[in-house]
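I opened this notebook to record what I looked up, beginning with a surface patch and going on to a pocket and the salt bridges.

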Amino acid sequence: MPATALYCYGITAAATAKLQPGAGLGGAAVETVRSGDLAALVSRVPAGTVRARRRDLMAHFDVVAKAFEAGTVLPLRFGIVFDDERALVDEFLRPRQTELLSLLKELDGKVELRVTAHYREDAILAEAVRENPRIARLREATQNAPGGHPALLELGELVAAEVQARTARDTRALYERLRPHAIRFEADEEPIAYQLLRASFLVERKRVEKFDAALDAFAADNAGRIDVKLVGPLPPHSFVELERRR
Amino acid sequence: MAIATQGTASNYLQRAPSPSGLADVVELILDKGLVIDAYIRIAVIGIELITIDARIVIASVDTYLRFAEQVNRLDLTQTEAAGLAELRDGGNGGGDKAKGVFEGMKEKVSGD
């Protein structure tokens with residue numbers, strides 16, 4: 001086993017690959033390994049395992065982000081290591097060349113925008129009380145009751161259902177605003193409390209402003225009840241799937 | 001591309017060119033990104049130490065009771081006043097409340 005291995009950050013077109021001044025994992029210089037029209041961004045790491053420390057994760061992200069400033073890049077997941085240049089070329093770049101090139105072409109000029117939207121707890125709960133008479137009634141009945149009032153559970157169920165219904169409605173409205181400006185999206189499906197949306201949108205660079213404006217309009221319409229955050233433009237981390245091969 | 005500086009931008013939307021916290025970076029580079037065929041090793045240690053413990057909603061008695069409690073504690077006159085102040089000052093109070101949503105979120109990463 002060789003003493004060092006090659007850690008791989010991402011793939012770019014050979015034509016746009018530039019040597020990066022910055023450092024990768026463990027402060028090692030970032031190099032490129034070329035194969036045909038492809039270039040892999042790599043740096044040397046000690047053979048063995050890679051630790052996922054905060055600075056390592058940030059280094060991976062930064063190398064990909066820097067490459068993205070120069071052109072299209074396919075970000076790799078954290079922690080992918082090859083034995084050496086030859087393994088990288090023979091096991092990955094060459095056998096996957098066609099697919100990688102077509103992904104690069106497909107993602108050319110496109111960026112990932114990450115959107116999160118959350119309710120303000122007090123605002124949405126107040127809406128539920130004000131606009132659902134059954135909730136208001138049960139709240140009144142249970143509010144000053146000593147100990148656990150038997151109707152508390154029913155109240156909680158009603159509130160949960162009301163919040164869920166509002167979440168569905170507002171999330172749909174948000175998607176409707178954004179969809180015209182995005183090519184596709186990937187949403188995280190975990191149901192997080194008071195979260196409407198946590199998703200990545202693939203957007204053409206020239207449409208980023210329109211996307212931003214549409215999201216901003218939604219945020220303005222829902223000021224005081226929904227907090228909306230936009231992160232990006234990012235490299236297309238969420239849109240780089242390869243076909244699985246045995 | 002600095003989208004935060006465009007002329008029409010309002011204060012309602014929070015914008016950031018890149019993820020601000022480790023949790024957001026982790027989401028992008030541990031859960032997403034190209035994965036290669038199984039025979040190429042993904043050689044990472046320490047990942048199991050990274051836990052993102054957001055509050056996942058599960059339909060349960062506990063969840064319902066928590067909702068009931070929250071609603072009963074709610075000061076409706078307060079939320080109304082806050083909503084109006086919000087509209088008046090152009091939505092600048094966004095930051096603090098948004099943090100409340102994440103209070104159950106923990107980050108743990110080995111070493112540093």
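I began at Val61(B), which lies in helix 2 of chain B, spanning residues 61-73, and I kept in mind throughout that the model is predicted. Val61(B) is partly exposed, its relative accessible area being 47%, and together with Leu153(A) and Leu65(B) it forms a nonpolar surface patch with about 210 Å² of accessible area.

Next I looked up the largest pocket, for which I noted a volume of about 580 Å³. Its lining has 27 residues, and those closest to the centre are Gln164(A), Thr167(A), Pro191(A), Ile192(A) and Gln195(A). Two or more lining residues come from each of helix 6 (152-178) and strand 9 (195-204) of chain A, and from helix 2 of chain B; helix 6 of chain A gives the most, with nine residues. By type, I recorded the lining as 17 nonpolar, five polar and five charged residues.

The last pair I checked was Lys229(A) with Asp24(B), a salt bridge whose closest N and O atoms are 3.9 Å apart. Because Lys229(A) lies in strand 10 of chain A and Asp24(B) in helix 1 of chain B, this pair joins two chains. I noted Lys229(A) as partly exposed at 22% relative accessibility, whereas Asp24(B), at 18%, counts as buried. Both belong to one network of salt bridges with shared partners, which also includes Arg114(A), Asp188(A), Arg198(A), Glu27(B) and Lys32(B).

Technical notes. Residues numbered from 1 in each chain as written. Chains lettered and ligands numbered in written order. Predicted model: local features only at pLDDT ≥ 70, side-chain atom pairs only at ≥ 80, totals over all residues. Heavy atoms only, no water. Patch = residues over 30% accessible without salt bridge, like charges linked within 9 Å, V, L, I, M, F, W, Y side chains within 5 Å. Areas by Shrake-Rupley, 256 points an atom, 1.4 Å probe, with all protein chains shown as cover. Salt bridge = Lys/Arg side-chain N within 4 Å of Asp/Glu carboxyl O. Helix = DSSP H or I, 4+ residues; strand = E, 2+ residues; numbered from the N terminus. Buried < 20%, exposed > 50% of the residue type's maximum accessible area, 1.4 Å probe, protein only. 1 Å grid on protein atoms, 1.4 Å probe; cavity = no way out; pocket = protein on both sides within 12 Å on 5 of 7 lines; lining within 4 Å. Points joined across faces, edges and corners; volume = space filled by probe spheres on them. Nonpolar A, V, L, I, M, F, W, Y, C, P; charged D, E, K, R; others polar.
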